[in-house]
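The report below goes through a structure by its strand pairings, helix contacts and individual residues. Please keep the sequence and the coordinates at hand while reading.

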Amino acid sequence: MSIESIQLDKVSKRFRLGAANEYGRLTEAIASGVQNLFRTPSKPVPKRPQHAFAERIEDGWFWALRDIELSIQSGDIVGIVGRNGAGKSTLLKILARIVTPTQGRVGVRGRVGSLLEVGTGFHPELTGRENVFLNGAILGMPRSEIRKRFEEIVAFAEIESFLETPVKRYSSGMAVRLAFAVAAHLEPDVLIIDEVLSVGDQAFQRKCLGKASQLGAQGRTVLVVSHNLAAVANLCRRAVLLRDGRLIADDVPERIIEQYLSEMRSGDGQRHWDDDDSAPCSNELRLRSVSVTGNGTDTPASEVDIDQEIHVVVEYRVLVPETPVSVQIHVKDETGSFVFWSANAPSMNLEPDPWFGKPHPLGKYRSECCIPANFLNDTRYFVSVFLGPEVGVLAIRQDSALSFVVHDTGAMRQEFTGSWLGPVIRPRLNWRTRKL
Amino acid sequence: MANNDEPIPPMHFYGPTDAFGFGQLSEIWQTRELLYSFFLRDLLIRYRQVVVGILWVLLQPLMGMLIFMGLFFVLGTKAGNSTVASYAPIILTGMLCWQLVASSFRDATGSLVNYRHVVTKIYFPRLLLPLASLMCAVFDFVIGSLLLLPVCAITGTSIVWTTAWLAVPIALWLIVFCAGCIAWLSALNAHYRDVGYALPFVLQLGMFVSPVVYDIERLRALLTDQWVWLYEANPIATCIGLLRWSLLGTALPSALGIATAAIVTLLICFSGLAWFQHADQQLADRI
């Protein structure tokens, strides 16, 4: 049985650049209306030539999506893959009917449930019980169905004794559990899930994915946006790749992921933000560059040898005097599996970082993390960088800031010539055998 | 479990179904349970952490009535010159109607903006949010109306039972008028926040342009006929006048005034529906 469940005909979406509410004041709207009336040419919007999005900007409009053609059969589980800013979230919002396309049309068969956020509409003043009904209704569940499944939802969330307590007194974990419990009992014909759902802990992530595959097995259509490529590969039967607002590939997940990764591969082991506006920044800090050096030199390289130390170098500027700074890196592999994370905190380091926890005077700083030689496997790794006032507090996050490939030089292959494919790391460890 | 016996739902294409926004009405009917949930939420939130709780519904119009009675007593003037009803029930009907208008306008105007975190995360007919605010105001109105009975009994005013039933359709008229206005106000406020700032002044003015604390007869003595007609083109003024007539037996607003007010109401409602649909198209981008 294959019935078309979602259909997108040449869907495009553009947003006005600059302040989102450029026409946010009535006087301006009237002024602009008068301007149009007399056909006064509008002021040209200054363009930023080096901007990565330059080709998507047109007369002060930004094309988030362009000419998306997509048709999805019921029962399909489809992953949407693409870099940050490729238009994934906009596509989801259009499918969820939150945003109206500028051009083209969207058709959906049956009830649509969208989970772009856990606990949408939760009100802190209302009790757990009241919030279950409110949130369920917002997600599109009929009251009778919520009533029928109420016990189940409460049991799932494990909050029986707090039912009559206002949600504002809940711990954040309890609130998320309750919100997810409601969402998990949603049974729409089409379910749209954003990856923000998977920011929770591992168990929570598994629950989300489990729910999605269960719905798919029931013949419902599921659409997932995720950076977790392993999840996309496991869960989906089909994936689409977005680049710069266009749908450029539509295939089985394995091939889409391959193509996506090969796009990510471009890069020379460093990333600079020359433009002060485009650099990731907070009120106190601004990221300047991230680079990887290896091979025993100081030159950034996207390919490093397995038997050399690898240095991840983060440069940033302190904008407010006496700001404490902690630098953190996350390293993931191609499938999205988390390899390790590290911060410049003394107890996590072999030698304490002299600047850790100290107020930083204004100026530029350079933090370097050394990954030992003969530790990573010969595969590609993605580095995310986080800056904040202390470990665990993230003021700036730059996901997948860059990637690098570890090359097998043969240093660990004197005795074994087979494949090392599979393990995430390949540490050189101590072994000792004794005769007993 | 998706059952194979279930009829296959039709492919539904997003977007306006008609230029006038009538499609929104059927959608609201389909999602009436959510409307009820929003209404319940607004109602529950309002009286959380409040000691006298729901009693505020009665206290608010009562206090308004007492303040204005006191004010006119101090000034030594009479705000009404009706011979059939004493001043207290006249001013109470005015206060009840005015609080319906003022609180629905106030709450509904902010409703979309205050819930933008929901509006930008999930779809539902957006008109539900201002309508839920209106339902709260109607709830207060209905409960508050019960005050009329003791107030009439105490002041010795007899309710005109032969025409009292007409109060229901008249109140419905006022509610429909409010619905049209809040469709305009809430969507305007989502695009232009100025509306929220200007509203308190408009409401203050509106209270004195409508016969809230005086009655129409008093005004007739001051104005010539064509001005009375213009005055009665304001559906709030006409509805209050009609309510007082049906319940208390005061003078009826002029027929021309009633007709004009009805036309104004229809115009505001239809244009409000069309405008809301138009504004809704860009709501998530702009809000």
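Predicted model: local features only at pLDDT ≥ 70, side-chain atom pairs only at ≥ 80, totals over all residues.

## A strand pairing across the two chains

R109(A) faces M11(B), a residue of strand β1 of chain B, as its opposite number. The pairing to which these strands belong links β5(A) to strand β1 (residues 11-13) of chain B through 3 bridges, and the two run antiparallel; strands count as paired if DSSP finds at least two bridges between them. Strands (E, at least two residues) and helices (H or I, at least four) are DSSP runs numbered from the N terminus.

Residues are numbered from 1 along each chain as its sequence is written, while chains are lettered from A and ligands numbered from 1 in the order in which they are written.

## The strands beside β5 in chain A

Within chain A, β5(A) also pairs with β1(A), antiparallel and over 5 bridges, and in this pairing I6(A) stands opposite V108(A).

## The interface between chains A and B

In total, 40 residues of chain A are in contact with 31 residues of chain B, a contact being two C-beta atoms, placed from the backbone, that lie within 7 Å. On the side of chain A that touches chain B, at least two residues each are supplied by β1 (4-16), α1 (26-37), β5 (103-109) and α3. By class, this side has 17 nonpolar, 12 polar and 11 charged residues, where Ala, Val, Leu, Ile, Met, Phe, Trp, Tyr, Cys and Pro count as nonpolar, Asp, Glu, Lys and Arg as charged, and the others, Gly among them, as polar.

Helix α3 (residues 128-138) of chain A and helix α2 (residues 32-46) of chain B have axes that come within 9 Å and cross at roughly 145 degrees; axes are lines fitted to C-alpha atoms, for helices over the stretch in contact, and angles run from 0 to 180 degrees between N-to-C directions. This crossing of α3(A) and α2(B) is left-handed, a term used if the near helix is turned anticlockwise from the far one by less than a right angle. From α3(A), the residues E130(A), F133(A), L134(A), A137(A) and I138(A) meet E33(B), L34(B), S37(B), R41(B) and L44(B) of α2(B). This helix contact has 6 nonpolar, 1 polar and 3 charged residues.

D285(B), found in helix α15 (residues 283-286) of chain B, touches F15(A) and V99(A) when residues up to four places away in sequence are not counted. Why does D285(B) count as partly exposed? The reason is that D285(B) has 18 C-beta neighbours inside 10 Å, whereas a buried residue has 20 or more other C-beta atoms within 10 Å of its own and an exposed one 12 or fewer, with partly exposed in between and C-beta atoms placed from the backbone.

An open sheet of 5 strands in chain A has the order β13-β21-β20-β16-β17, with mixed pairing. Its edge strands are β13 (303-305) and β17, each pairing on one side only, and neighbouring strands are turned by 30 degrees against each other on average, direction ignored. The pairing of β13(A) with strand β21 (residues 396-407) is parallel, over 3 bridges, and V406(A) is the bridge partner of V304(A).

Strand β16 (residues 326-333) of chain A is largely enclosed by the rest of the structure, because 7 of its 8 residues are buried. It runs antiparallel to strand β20 (residues 380-388), with 8 bridges joining them and H330(A) opposite S384(A). On β17 (residues 338-343), also antiparallel, there are 5 bridges to β16(A), and Q328(A) stands opposite A343(A). These two strands, β16(A) and β17(A), form a hairpin with 4 residues between them, and G336(A) in the turn has a positive phi of about 90 degrees.
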